[in-house]
Amino acid sequence: MGYTLGKFDGIMGLGFEGLSLGNAETVFKNAMDQGLVNEGKFAFALGDNKEGELTFGGVDKSKFKGEITWVKLEEPKYWQITLDNVSAGSYSSGKTNGIVDSGTSLITGPSLEIQKIAASVGAQANLLGQYTIDCSKLSTLPNLDFTINGKAWSVPGKDLVIQSGGTCLFAMMGMDIPTGPKWILGDVFMRKFYTVFDYENAQVGFAEPTY
């Protein structure tokens, strides 16, 4: 439905050739090969209710502070990484995996796991497979922690809700991908961290934002 109603001409994928049809060279790899970018990196500062920025060919040092924490990909296909754990309140996933993806608005995970998290915070499923939550409960929601290489990257509970028209939508959704990643760390996650995609070295980096 979104693709039918959306006012855009297409989607420019920023994954690797392993996902392209007919092994076609991707746009960013083509730009690298032509020497059009200084480095084989691109980075997102999604802004968190402020203006965002996508940088091609490097990073914008004004958008983050401290060091970038680098995480190697499981394979150069999706931007897929190993997750030591996903936790929220009493919920804990154990070792799993996920992709970092700017094209996914919410945070998604296996349907049964999302059901457990939703039940623990009192979120109710609707007919579209999404969850709503009582807006009065926002201050009591636990943080959602993704532990990666031993370090926890936390999304505050209040940021796991999208408020619109008096409705509070729980910003997590069940999605089962049989041969793909278990979790998708979409925009709800990426808004909290400056996120760098390093094509040359097959790794993704996170840093504390300045915005």
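Visitor: Which residue in β15 does I107 stand opposite?
Guide: I107 faces M172 there. Keep in mind that this is a predicted model.

Visitor: OK. How do β8 and β15 pair, parallel or antiparallel?
Guide: They pair in the parallel sense, over three bridges, with β8 covering residues 107-109.

Visitor: What packs on the sheet there?
Guide: Helix α3, residues 111-121, packs on the sheet and touches β8, β15 and β16 (183-185). The direction of α3 makes about 140° with that of β15.

Visitor: And in what order do the strands of that open sheet come?
Guide: There are five strands, in the order β4-β7-β16-β8-β15, and the pairing is mixed. The edge strands are β4 (80-83) and β15 (172-174), each pairing on one side only. From one strand to the next, the twist averages 30°.

Visitor: Let's look at T96. Which strand is T96 in?
Guide: T96 lies in β7, which spans residues 96-100.

Visitor: Is T96 buried or exposed?
Guide: Buried: T96 has a relative accessible area of 16%, and that counts as buried because the cut-off is under 20%.

Visitor: So what is T96 in contact with?
Guide: Leaving aside neighbours within four places in sequence, T96 is in contact with T82, L83, V86, K182 and W183.

Visitor: How many bridges join β1 to β17?
Guide: Four, and the two strands run antiparallel; β1 covers residues 41-45.

Visitor: Now salt bridges. How many does the structure hold?
Guide: Seven. One of them joins K41 to E39, with the closest N and O atoms 2.9 Å apart. K41 is buried at 12% relative accessible area, while E39 is partly exposed at 36%.

Visitor: Which salt bridges does D159 make?
Guide: K158 forms one with D159, at 3.3 Å between the closest N and O atoms. The side chain of K192 also meets D159 in a salt bridge, at 2.8 Å from N to O.

Visitor: Why does the K192 and D159 pair tie together parts that are apart in sequence?
Guide: Because K192 lies in the loop between α4 (187-190) and β17 (194-198), and D159 in the loop between β12 (151-155) and β13 (161-164), the pair ties together parts that are 33 residues apart in sequence.

Visitor: Are those two lysines buried or exposed?
Guide: K158 is exposed, with a relative accessible area of 55%, whereas K192 counts as buried at 17%.

Visitor: Which residues are linked in a network of salt bridges?
Guide: E25, K29 and D33.

Visitor: Last one: which residues form a nonpolar patch on the surface?
Guide: M12, V27, L54 and F56, with about 350 Å² of accessible area together. V27 lies in helix α2, residues 27-33, and counts as partly exposed at 48% relative accessibility.

Definitions and conventions
Residues are numbered from 1 along each chain as its sequence is written. This is a predicted model: local features need pLDDT of at least 70, side-chain atom pairs count only at pLDDT 80 or more; totals for chains, interfaces and linings use all residues. Side-chain values use heavy atoms; hydrogens and water are left out. Buried means under 20% relative accessible area, exposed over 50%, partly exposed in between (1.4 Å probe, protein chains only). Contact means heavy atoms within 4.5 Å. Patches are made of residues with over 30% relative accessible area and no salt bridge: like charges are joined within 9 Å, nonpolar side chains (Val, Leu, Ile, Met, Phe, Trp, Tyr) within 5 Å. Accessible areas come from the Shrake-Rupley method with a 1.4 Å probe; for residues, only the protein chains shown count as cover. A salt bridge is a side-chain nitrogen of Lys or Arg within 4 Å of a carboxyl oxygen of Asp or Glu. Two strands pair if DSSP finds at least two bridges between them. Axes are lines fitted to C-alpha atoms, for helices over the stretch in contact, and angles run from 0 to 180 degrees between N-to-C directions.
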